[in-house]
Structure formats: structure tokens, C-alpha cells
Amino acid sequence: MIRKVRTNDVAAITTIYNGYIQNSTATFETEPITEEEMKQRIESISPHFPYLVDEENGVITGYCYAHPWKARAAYQYTLETTVYLAPEFIGKGIGRLLMERLIEESRSSGFRALIACITAENESSCSFHERLGFEKVSHFVKVGEKFGRWLDVVDYELLLNL
């Protein structure tokens, strides 16, 4: 069941995200965050932009949200997207359902473009976004360092309301 994020989802979302911080290059954060920090992030985003979770039998399987891509006023109709799933739920179609709902909510709210910033080596995320209609629009070389490796970043864009 996909629904809007709630305060009591903080612990599960923090656990999912910290797994990616500690074990992957999907995020460039390098230190686990606290539940309080995650709560503050959710509270700053969710009143203004789509922030969704998938819950199955009381378990949060994944989440996604959109937030401002850049701070300048001219970018106010462009959002950056984020999606993370608990590892045991990857490949079950949950990410697609979450993102399709996020895309629709962003479109119906009048936003014009969605940007997904992805570590280039994360080929499954690149393919996932392409299947959703996103197109690769940039490739930055060796702009982030994690786990002692320099990593490339690619941006994918989905235009809405054209």
C-alpha cells in the first residue's frame, strides 16, 4: 500500500537509508544519520512535496520523495527525486509503483521536470529510470569519493506537463 509518509515511519526509513550509506555508493553520504536527523528532513520536505512510503503488512518496504532541485527561484518547478527500498524488496516492482505515484503527484501539482541524480556505476538505477521515461542529460566524471574510490554521477530528467 502506497501512502503519504507519517511520523511513525521515521525509524524504518532511517534503517533503510543507513543501509545504503554504509553499504553502497547509491548515496554520497558517508556517515549514518540519526532518527532525529531523518525526522527533521522528512518534516522539511513532506508538507510541501510528495513523500511516499510503501507499507506491506505493517512493514515499510521502501520510500520515495521529491524535493527542490536547486534553491534559486527560477528552478521552482523542477524537483529532484529520491527512491530507496529495503534490500529484501528490491526487484518486486515496489520502486516502480512508488515512482509512478511520485511522478503523477508531481505532475498534478504543476511541476515541470524531475531530475534523478545517480551514481553512474549504479546501472540498475539508471535502467530503472530509463524505463520510467527519464532521459540521461549529464555525466560528471569523478565528482564524488566514497570507499576510497572516485565516482561518476549522471543526471536523468523527466519532463512533465509539456
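I began with helix α1 (residues 10–23) and helix α2 (residues 35–45), whose axes come within 9 Å and cross at roughly 105°. Axes here are lines fitted to C-alpha atoms, for helices over the stretch in contact, and angles run from 0 to 180 degrees between N-to-C directions. So I noted α1 and α2 as roughly perpendicular to each other (the word covers 65 to 115 degrees).

Next I asked which residues of α1 and α2 make the contact. On α1 they are Val10, Ala11, Ile13, Thr14 and Tyr17, and on α2 they are Glu35, Met38, Lys39, Arg41 and Ile42. Contact means heavy atoms within 4.5 Å.
By class, I wrote down six nonpolar, one polar and three charged residues. Ala, Val, Leu, Ile, Met, Phe, Trp, Tyr, Cys and Pro count as nonpolar, Asp, Glu, Lys and Arg as charged, and the others, Gly among them, as polar.

A reminder to myself: this is a predicted model, where local features need pLDDT of at least 70 and side-chain atom pairs count only at pLDDT 80 or more, while totals for chains, interfaces and linings use all residues. Residues are numbered from 1 along each chain as its sequence is written, and side-chain values use heavy atoms, with hydrogens and water left out.

Then I stepped back to the whole protein. I found four helices and seven strands, in the order β-α-α-β-β-β-α-β-α-β-β from the N terminus. Helices (H or I, at least four residues) and strands (E, at least two) are DSSP runs, numbered from the N terminus.
Last, I saw that the C-alpha trace spans about 40 × 40 × 30 Å along its principal axes.

Notes: Angles under 35 degrees count as roughly parallel, over 145 as roughly antiparallel, 65 to 115 as roughly perpendicular and the rest as oblique.
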